[in-house]
Amino acid sequence: MRSEPLAWPPVSAQAASLLEEAADLLVLHRDFAAAVERCEAGCDSLSTGTGTGPESSAEVKCSLCVVGIQALAEMNRWREVLSWVLQYYHVPEHLPPKVLELCILLYSKVREPQVMLEVGSSWLRDQTNKSLPEYSSLLELYLLHVLLPLGRFEGAEELVRGCDVFDSEQQLAFLGTICESRCQWAQQEEMHSAAEEQQDAATETVLGNLSQKLLTMLTLLRRALRSMSSHFYLLPYKKMLLATFLLYLVVVRLDPASPTSLPFIYKLVQLFRQAWAAVFSPIHRPPIRD
């Protein structure tokens, strides 16, 4: 005999239909945005319902959130997951175990376990949640994927010692895991400090070499500027000015074709020759006298 389909209440039936559509959009069509829309519509329909069939409605709501979380993660919108879920459950203590597990794994995978630090702690402290069969597995998940990666070793030890769902052997095993993780954390800190010291020493060495090279370049530049200044200081400025003035007289005031202009032109040529010889001749320093 074939089993008859479950008789969902009207509101739950509508949410279940939206859940089926969202699952098809997520898996078959890979239309993640549309899948999130169907999940939101289903959760909203459950929130506005009359409250009939609370157990079935809770299951459908949890499944809708699971599909919505997966769709948001596929769109790389994982930062919105926790706030998106809490808008339907309002407080962390009311999160279903499956939803909390998925959130812990998601934020651990993206290396943001601190997001679930307070959420997981609030859920584990709730007395109602301690009676759930999933409590021990979620405590272990929270311990390994949230507290230990964040270096919260004291909090992890207090959580294990104060937990009633673990027997003595399980407590010893978890305490050993915490101790091992603490040692690995200390080794990584030492290696990180040593690497930073080496990097600082290498940076100081490079800066020292650059400073020495810069000082050498500045010294050479000063010598070059001093040589150029001494060279230009020896240039016959008076003769150059006089030659320029005579050239002005010849070109503007005098007629080069006139016989009276020849002495001035001759003298101008002589001055230019002397200036040329002074500029391009080697520079001889004057002898040092006692």
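The questions and answers below concern a predicted model of a single chain.

Reader: How many helices and how many strands are there in the chain?
Author: Read along the sequence of this predicted model, the pattern is α-α-α-α-α-α-α-α-α-α-α-α. The chain accordingly has 12 helices and 0 strands.

Reader: What share of the contacts between residues at least 6 apart in sequence joins residues at least 24 apart?
Author: The chain has 290 residues, of which 30% are buried. Among its contacts between residues at least 6 apart in sequence, the share joining residues at least 24 apart is 64%.

Reader: By class, which residues make the contact of α8 with α9?
Author: From α8 the contact draws on Leu139, Tyr142, Leu143 and Leu147, while α9 contributes Gly155, Ala156, Leu159 and Val160. Sorted by class, the contact of α8 with α9 has no charged residues, 1 polar residue and 7 nonpolar residues.

Reader: Which residues touch the most other members of the largest nonpolar core?
Author: The largest nonpolar core has 57 residues, and its largest share, 9 residues, comes from helix α3, residues 54-74. Leaving aside neighbours within four places in sequence, Met116 is in contact with Leu82, Leu100, Cys103, Ile104, Tyr107, Tyr142 and Val146. The members of this core that touch the most others are Val99 and Met116.

Reader: Why is helix α6 largely enclosed by the rest of the structure, and what covers its buried residues?
Author: Helix α6, residues 117-125, is largely enclosed because 7 of its 9 residues are buried, namely Leu117, Val119, Gly120, Ser121, Ser122, Trp123 and Leu124. What covers these buried residues includes α4 (81-89), α5 (97-109), α7 (127-130), α8 and α9.

Reader: How many disulfides does a search of the whole structure find?
Author: The cysteine sulfur closest to that of Cys65 is in Cys43, 4.2 Å away, which is too far for a bond, since a disulfide requires sulfur atoms within 2.5 Å. Cys103 is likewise in no disulfide, as the nearest cysteine sulfur, that of Cys65, is 8.8 Å away. Across the whole structure, the number of disulfides found is 0.

Reader: Are Cys65 and Cys103 buried or exposed?
Author: A residue counts as buried when its relative accessible area is under 20%. Cys65 has 0% relative accessibility, and Cys103 also has 0%, so each of the two counts as buried.

Methods: Residues numbered from 1 in each chain as written. Predicted model: local features only at pLDDT ≥ 70, side-chain atom pairs only at ≥ 80, totals over all residues. Heavy atoms only, no water. Contact = heavy atoms within 4.5 Å. Helix = DSSP H or I, 4+ residues; strand = E, 2+ residues; numbered from the N terminus. Nonpolar A, V, L, I, M, F, W, Y, C, P; charged D, E, K, R; others polar. Core = buried A, V, L, I, M, F, W, Y, C linked by side-chain atoms within 4.5 Å. Buried < 20%, exposed > 50% of the residue type's maximum accessible area, 1.4 Å probe, protein only.
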